[in-house]
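Here is a short briefing on one protein model. Please keep the structure open while you read.

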Amino acid sequence: MPMTRAKNKKSDKDHCRSADSDYFFYCGVNGYTGLIRTIGAYPEMKRFLHSPDSFLDKGVILKDSRTTKAGIVEIDNRKYFLKRYNNKGLIYTLKYLFRKSRPLKVLPATQALRRLGIPCPEVIAALSRRRRGILQASYLLTENLENIISPENYIRESVARPDIYVKFQSHICAYLKKMHDAGIRHGDLKLSNIYCRKDPDGLEFGLYDFDGTDFLRNPLSQGMRVKEYARIISSWIIISGNINVPVDRERIVRGFNKKYFECNGIEMDIASLNKQIDHYLNRKRKY
């Protein structure tokens, strides 16, 4: 099934891209609509747009639950990460009757972060499938990041190589400074949403999973910033405990506060930070 710029074939200027966008609108059969990068318009990519599930079924599945199914798929001899968001029932149906699907929220978040110089996977396609206005499923196709080091592994390595932890702190604080000043709140900064991978210069840290990312009109308040930092610190503490790596909470908090001061010129409220860390540590939630 060929891709179409729009049902009524409006001009490229009207329908395909704005001055700062590399995406064009796709409207296909079976209710699939969304945005796709023009550079992804290869022969097999057209078949993917017609039936994303057929590619996911043949892929390497990383997660399969009631809410999502995700895995590595191959399209035109290239590997991509594909995530399908399932319809979870009546409340979900009502919620998304007049809302954008999650992939269409993730796309502007990645674009904004990449413009700020923050590493994150590039979105290739953000699609939704609706029937009579009801969202059946939505799909996020991104570049596949290779040479990823799990949080468990780089936490272990940081014991013997403290420079890894210092680099982690420095990069994350610099990223959050840019995001928060731009009014962007990630919303779920556990370590599993902060990737680490080997590159020619050593280790690269970046961010992904922007399902809960918010755009605010003004820079984030101190309280909002504290919550983001507390999420990271509590996640480091929990994973360290899970893999029996000794962790000095006071040292971690002090180190993040120091880096925060270097980036922002002010210190976080340590009492508020520790209170929020305790809140996350006491929650029964995957980190």
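**Helix H9 and its surroundings**

In this predicted model, the buried residues of H9 are Ile252, Val253, Gly255, Phe256, Asn257, Lys259, Tyr260 and Asn264. They pack against three helices: H7 (162–181), H8 (222–242) and H10 (270–281).

**H9 from end to end**
- At the start of H9, Asp248 places a side-chain oxygen within 3.2 Å of the backbone nitrogen of Glu250.
- Gly265 follows H9 and has a positive phi, near 80°.

**Nonpolar cores**
- In soluble globular proteins, nonpolar side chains tend to be buried together.
- The largest nonpolar core has 49 residues. Those touching the most other members are Tyr154, Phe168, Leu207, Ile232, Phe256 and Leu273.
- At least two residues of this core come from each of H5 (102–115), H6 (151–160), H7, strand S10 (194–199), S11, H8, H9 and H10.
- A second, separate core has 19 residues, including Tyr26, Leu56, Ile75 and Leu82.
- Beyond its neighbours within four places in sequence, Phe168 contacts Tyr154, Leu191, Ile194, Phe205, Ile232, Trp236 and Phe256.

**Thr213**
- Thr213 sits in the loop between strands S11 (202–207) and S12 (214–215).
- Is Thr213 buried or exposed? Thr213 counts as buried because its relative accessibility is 5%.
- A polar side-chain atom of Thr213 lies 3.3 Å from the backbone oxygen of His186.
- Not counting residues up to four places away in sequence, Thr213 touches Lys105, Ala109, Ile184, Arg185 and His186.

How values were computed: Residues are numbered from 1 along each chain as its sequence is written. This is a predicted model: local features need pLDDT of at least 70, side-chain atom pairs count only at pLDDT 80 or more; totals for chains, interfaces and linings use all residues. Side-chain values use heavy atoms; hydrogens and water are left out. Helices (H or I, at least four residues) and strands (E, at least two) are DSSP runs, numbered from the N terminus. Buried means under 20% relative accessible area, exposed over 50%, partly exposed in between (1.4 Å probe, protein chains only). A polar contact is a pair of N or O atoms within 3.5 Å; within protein, one must be able to donate a hydrogen and the other to accept it, and residues adjacent in sequence count only if both atoms are side-chain atoms. Contact means heavy atoms within 4.5 Å. A nonpolar core is a set of buried Ala, Val, Leu, Ile, Met, Phe, Trp, Tyr and Cys residues joined through side-chain atoms within 4.5 Å.
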